[in-house]
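Good morning. Please look at the structure on the screen while I go through a few of its details.

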Amino acid sequence: MPTSSAAALPVRRLTPRDLAACADLSENRGWPREEHKWGLLLAAGTGYGIDDPAGGLVTACVVTEYGSPECPELAAIGMVLVAERHARQGVGRRLMRHVLEEMGSTPLTLHATAYGLPLYEELGFKVTGRAEMVRGVFTPDGSEPEVFTRPATAGDLPPLLRLDAEVFGADRTHMITRLPAFADQLRVAEENGRIIGYAAAWPNMATQVVGPLVARDTETAKALVSSLAAHTDRPLRTDVDVRHEDLLSWLKERGLERVGGNAVMTHKIPELPGDWTRRFAPLTVAAG
């Protein structure tokens, strides 16, 4: 694959001031602009990009680190995009190699499309799982949920953060504490005064994305999704770990349909940390 002059341009850190340029790049590749999501990622993570001398960005991505700031336990790479006129010229490879060098020994994860999979495999990433994206208008079955849910309060934050770190496998306080402002809804599942799960629903174009979805078991996950759906008139969208077959089947019975899927990949670790049995859906695939 030939190297273009753009691939020789310097990579720089992006900031929230680059939000419009990132959204323009998304639109250039046929993706939604997703300015709300880009805003979160650029504020909580580190963006990398190459400027186009003609204006805008040649390429961009965002890395979100988790755990200790001094020694991150995991970093997620997302929103890897290359402008159409610079595609297939080595630009994406250049950006990814720069990110790998910057991250050093930090374990990495990303969600790969079929298009990006060969590049990531070439760079040493391994497929360790899969996620299925479903979307649609949720239709309740009329039954009462078996698990009690309610809106989260400020007092829920400490136990919610402890639960999240246990399930995710690394501290992501800097991301989760942004949820009350980022999401339209943040709800917890409770049993005997103890939080056993939580979920958020945040706006993304015409849909409400359900994520994160952390729950003790499938019934708790169902109750959280049902409660979120009851408080919005938008279609729901979420990305579910395919090992949660019961939840995926239930979502499809309730009106959501498969619209895509991604390979979950890791670098420098054999699999993701934490407890996948309670991790049903990510906040966004771009942030792990």
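I start with a helix contact: Thr218, Ala221, Lys222, Val225 and Ser226 in α8 meet Asp246, Leu247, Trp250 and Leu251 in α9. Contact here means heavy atoms within 4.5 Å. By class, this contact has five nonpolar, two polar and two charged residues. Ala, Val, Leu, Ile, Met, Phe, Trp, Tyr, Cys and Pro count as nonpolar, Asp, Glu, Lys and Arg as charged, and the others, Gly among them, as polar.

Two points about the source. This is a predicted model, where local features need pLDDT of at least 70, side-chain atom pairs count only at pLDDT 80 or more, and totals for chains, interfaces and linings use all residues. Residues are numbered from 1 along each chain as its sequence is written, and side-chain values use heavy atoms, with hydrogens and water left out.

Back to the helices. α8 covers residues 218-229 and α9 residues 245-253; they pack at an angle of about 30°, with their axes 10 Å apart. The axes are lines fitted to C-alpha atoms over the stretch in contact, and angles run from 0 to 180 degrees between N-to-C directions. Helices (H or I, at least four residues) and strands (E, at least two) are DSSP runs, numbered from the N terminus.

Next, the rings. How many aromatic pairs does the structure hold? There are four aromatic pairs. Rings of Phe, Tyr and Trp (its six-membered ring) pair if their centres lie within 6.5 Å; planes under 30 degrees apart count as stacked, over 60 as edge-to-face and the rest as tilted. One of the pairs is tyrosine 120 with phenylalanine 125, edge-to-face, at 6.1 Å centre to centre and 70° between the planes. Tyrosine 120 is buried, at 9% relative accessible area, and phenylalanine 125 is buried at 1%. Buried means under 20%, exposed over 50%, partly exposed in between, with a 1.4 Å probe and protein chains only.

Finally, the backbone. Most residues other than glycine have a negative phi, and most peptide bonds are trans. Glycine 211 and proline 212 are joined by a cis peptide bond, with omega about 0°. Proline 212 is in strand β10, residues 207-215.

Methionine 79 has a positive phi, near 55°, and arginine 88 has one near 60°. Which of these positions is buried, and which is exposed? Methionine 79, in strand β4, is buried at 6%. Arginine 88, in the loop between β4 and α3, is exposed at 52%.
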